[in-house]
Amino acid sequence: MPADRLSAPVGARPETGIVHFGPGAFFRAFNATFTHEAIKASGGDWSICAVSLRSARFRDQLEPQGGAFTSVELAPEGAKYQVITSIRDVLVAPEDPEAVLTCMVVPEAKIVSLTITEKGYCHEPSTGALRLDDPDIQSDLAGNPPKTAIGFIVEALARRKDAGALPFTVMSCDNLPENGRLAKGVVLAFARARDADLADWIEAEGAFPCTMVDRITPATTEADTEALQTSQGYYDPANVQHEPFRQWVIEDNFVGDERPAWDHVGAQIVSDVVAFEHMKLRCLNGTHSALAYLGYLGGYETISETVADPAYARLCEKLWATEIAPTVPQPEGEDLPAYCAALLNRYQNPSIKHRTWQIAMDGSQKLPQRILGAIAENLDAGRPVEGLSLVVAAWMRYVGGVDETGKEIDVRDPLEERLKAAFDSGETPEAKVDALLAIADVFAPDLAANARFSETVKAAFSGLIAQGAQATVGAYTA
Ligand code: CS2
């Protein structure tokens, strides 16, 4: 290890007020950076204890640096660097679950925040219901040391209730619609399966604000770490690379009103986040998934490469205009056409190397809120569905696991085996689509049974197989 490693500045540091599950790149580029700036601007004991539910990687990177890491902001014209020091501790839950619970139970812990990705909520994507048959949920319910974020939250809340303390606020920062309501739903379902009094107490005393989070943050690569060392002269494997843009809209709903002064450094605190979440999930994440599947199949490695192809840029514009914007009520203070135009600019940022493969991950958990909800509304309203159905077809082609040149695709998805089995079970393209539409975790039965939808997906899927993604996108946008 090089001697010139980044380290946290010595001196007094704020006490821990936040326990955060999911110490990945997005959390560091977003939550930790906002919190660092809020502490600098307005003080407060809001340091973060970051908890990993699985791997020790981030702890091993951050611990030798005293929790400090570099945020690398990548504008097309160059990079800006900031050392972030809001993380005090990093724990690896499977190594010592009790240590995690201890941090969550102390009264100084006021907020438990989450970036655990869609699958971390152990819910059924098409309905939002907690999957009580999930093996980790079952293990947590049986009273073993918790494995899931939900198991940790409910166990820590039970201990706080027994101690006569207040609950903490549970703040979801994942890309899910009404993420606070979803988090509350799964936490209450789990608590109710354990102890009805506990569930009633959480329902009455707890707070689960909804949030909209937005900053494009690709996974850090070794080349990024080397480039940082060349330009800044120190080694920091925990660095994060992100775009300049960020937007955080937070529902004003915290236990005791206690939170860092995030609003002093740009966060918007509002009474209703739903319209913002809806706009972001469908306009940004919806077209991100479109570019991920159609771009990957078309042979493009990153989002900026994909939208450099004019047909793919037009694909985004056509999806926004004809199938997405009509389903998105304009949030207060936002201008939807300008928002979408700015998105295309963000995608074009050549300094951001966001791999289509990375965004293509976990499609079964992402499609319902990004694509399928808008399709269902368009079907009801008699509007077009060809563009978004093409995205569904591209996802189906992708999860088949073989690309257009015959090379294997490294499909990552919690349902990957079921998806592949469904794909392989169909003898014809139409039968493959039918088998995938029958997966109720992803497709609500009403949608799967809609003949206009299934016919449109089948036509797009056959087109993709016959002509490939680039030609199909070209034909759709001609
Ligand atoms: C992306 C998001 O990986 C993905 O699925 O669509 O991570 C996206 O970059 C962020 O939501 C942007 O805020």
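Predicted model: local features only at pLDDT ≥ 70, side-chain atom pairs only at ≥ 80, totals over all residues.
Residues are numbered from 1 along each chain as its sequence is written, and side-chain values use heavy atoms, with hydrogens and water left out.

I then looked up Asn-285, where a side-chain N or O atom is 3.0 Å from an oxygen atom of the ligand, and Arg-370, where the corresponding distance to a ligand oxygen is 2.9 Å. The protein covers 88% of the 340 Å² of accessible area that the ligand has on its own, an area that comes from the Shrake-Rupley method with a 1.4 Å probe.

Which elements give two or more residues to the shell around the ligand? I found helix H10 (274-297) and helix H15 (363-381), helices being DSSP runs of H or I with at least four residues, and strands runs of E with at least two, numbered from the N terminus. The largest share, three residues, comes from H10.

Next I turned to the largest nonpolar core, which has 84 residues, and Cys-283 is among those that touch the most other members. Such a core is a set of buried Ala, Val, Leu, Ile, Met, Phe, Trp, Tyr and Cys residues joined through side-chain atoms within 4.5 Å. Another core, of 40 residues, lies apart from it and includes Leu-114 and Ile-153.

I placed Val-112 in strand S6 and noted that Val-112 is buried, because its relative accessibility is 0%, and buried means under 20% relative accessible area (1.4 Å probe, protein chains only). Val-112 and Phe-168 are 56 residues apart in sequence, yet their C-alpha atoms are 6.6 Å apart in space.

My last entry is Thr-115, which sits in the loop between strand S6 (111-114) and helix H5 (135-141). Is Thr-115 buried or exposed? Thr-115 is buried, because its relative accessible area is 12%, and its side chain reaches the backbone oxygen of Gly-22 at 2.8 Å.

Terms used. Polar contact = N/O pair within 3.5 Å; in protein donor to acceptor, adjacent residues only side chain to side chain. Buried < 20%, exposed > 50% of the residue type's maximum accessible area, 1.4 Å probe, protein only.
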